[in-house]
Amino acid sequence: MLLGIKSRRMVLLRYVVVGVFAGISFYMGWWLNSTWSADMRLWKSFGVGTFALLWFTAVIGPAAVVWSPLMTVVTWRRETGVWFVVMGMVHGYLVWDGWARWDVASLLGFRYAPELEIYLRAEPGFGLANLMGIVALGLGLSLAATSFDKAVSFLGISTWKWLHTFTYVIFYVAVLHAIYFAFIHYTPSPERPGAVYPANPLRFVYVGALLSVALAQAAAFFRILSRRRAVGAQ
Ligand code: HEM
Ligand code: HEM
């Protein structure tokens, strides 16, 4: 858990700093979603906080390859990774408890039809988006479970680093999850053709986040390639 940082006080301070960043992102989500009911506003805001932490964790590595002054902040991925998992668990739990009401079929987009006594497929997009959220959180939890000192020394640094490359899988799955809710879920449907919902205030932020990570990864790839070719030519 202390990998690379010796003072416990410093570690604690860094968790507090990232906790404040998580709180600010949460508050931004809360403030921007003022028209929603309190329960929806709460799980949306935890979603925003979770996403902000994940974005930082994913973008900072490749961005630092392209622009070396960012190297000073890459070590913060430990704290942002931990806070991401904590916020993500709360976000997921609130949806499970408040929206799906502890019913797997509802979480997967099915609705019970009492007259037929079966579940009908009602919102398959919602079900798939929730599955993506679950996959992102599940992978995040596996990274958390393998990031403690004992686990790291058992795995060895290179295996541990390989596991951490799953951060990008988590990011791309989670960003599609967010984009579904921002652009698709709250639109008129055959069941409710007249429904009008407020546009998601962060919808283009999610698209920007997706592009920023993809571009940073592409730029880092070409930077590393050109360095290797330069060394090879010598
Ligand atoms: C840990 C990875 C996850 C991330 C990064 C994440 C992120 C987000 C984001 C950014 C939003 C959109 C918030 C908004 O602007 O309205 C959202 C919405 C949502 N998420 Fe997640 N989520 C994650 C996991 C989950 C899980 C595990 C579930 C299900 C149990 C879930 C269910 C939902 C639902 C139902 C919404 C729609 C909320 C609404 O519009 O009222 N998410 N999530
Ligand atoms: C209990 C949870 C976690 C702990 C204790 C932890 C710990 C650490 C530590 C000690 C480092 C090395 C920091 C450094 O570069 O000095 C690190 C790096 C990193 N963490 Fe985590 N982490 C956790 C969860 C996560 C999660 C959930 C993610 C992904 C969303 C993540 C993504 C990363 C990434 C991308 C790196 C850089 C890896 C590399 O150098 O190749 N971490 N983490």
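By class, the residues around ligand 1 comprise 16 nonpolar, 10 polar and 1 charged, where Ala, Val, Leu, Ile, Met, Phe, Trp, Tyr, Cys and Pro count as nonpolar, Asp, Glu, Lys and Arg as charged, and the others, Gly among them, as polar. This shell holds 27 residues in total, and the closest to the ligand are Gly47, Gly88, Gly92, Gly133 and Ala178; a residue is taken as near the ligand if its C-beta atom, placed from the backbone, lies within 6 Å of it. Helix H2 (38-66), helix H3 (77-98), helix H5 (124-145) and helix H8 (166-185) each supply at least two residues of the shell, and the largest share, 8 residues, comes from H2.

The model is a predicted one, in which local features need pLDDT of at least 70 and side-chain atom pairs count only at pLDDT 80 or more, while totals for chains, interfaces and linings use all residues. Residues are numbered from 1 along each chain as its sequence is written, and chains are lettered from A and ligands numbered from 1 in the order in which they are written.

The protein chain has 9 helices and 2 strands, which are DSSP runs numbered from the N terminus, helices being H or I with at least four residues and strands being E with at least two. From the N terminus on, the order of these elements is α-α-α-α-β-β-α-α-α-α-α, and the C-alpha trace spans about 75 × 40 × 35 Å along its principal axes. Of the 234 residues, 25% count as buried; a residue is buried if 20 or more other C-beta atoms lie within 10 Å of its own, exposed if 12 or fewer, and partly exposed in between, with C-beta atoms placed from the backbone.

Which residues have the most contacts inside the largest nonpolar core? They are Phe51, Leu53, Leu54, Trp55, Trp83, Phe171 and Ala174, in a core of 33 residues, such a core being a set of buried Ala, Val, Leu, Ile, Met, Phe, Trp, Tyr and Cys residues joined through C-beta atoms within 7 Å. Helix H1 (8-32), H2, H3, H5, H8 and helix H9 (203-233) each give two or more residues to this core, and the largest share, 11 residues, comes from H2. Leaving aside its neighbours within four places in sequence, Trp83 is in contact with Val18, Gly19, Ala22 and Leu53, two residues being in contact if their C-beta atoms, placed from the backbone, lie within 7 Å.

In H1, the buried residues are Val18, Ala22, Ser25, Phe26 and Gly29, and they pack against H2 and H3. An α-helix has 3.6 residues a turn, so residues three or four places apart point the same way. The end C-alpha atoms of H2, a helix of 29 residues, are 42 Å apart, in agreement with the 42 Å that it should span at 1.5 Å a residue, the expected span being 1.5 Å times one less than the number of residues. H2 also has a kink of about 35° at Ile60, shortly before the proline Pro62, the bend being the angle between axes fitted to the seven residues ending there and the seven starting there.
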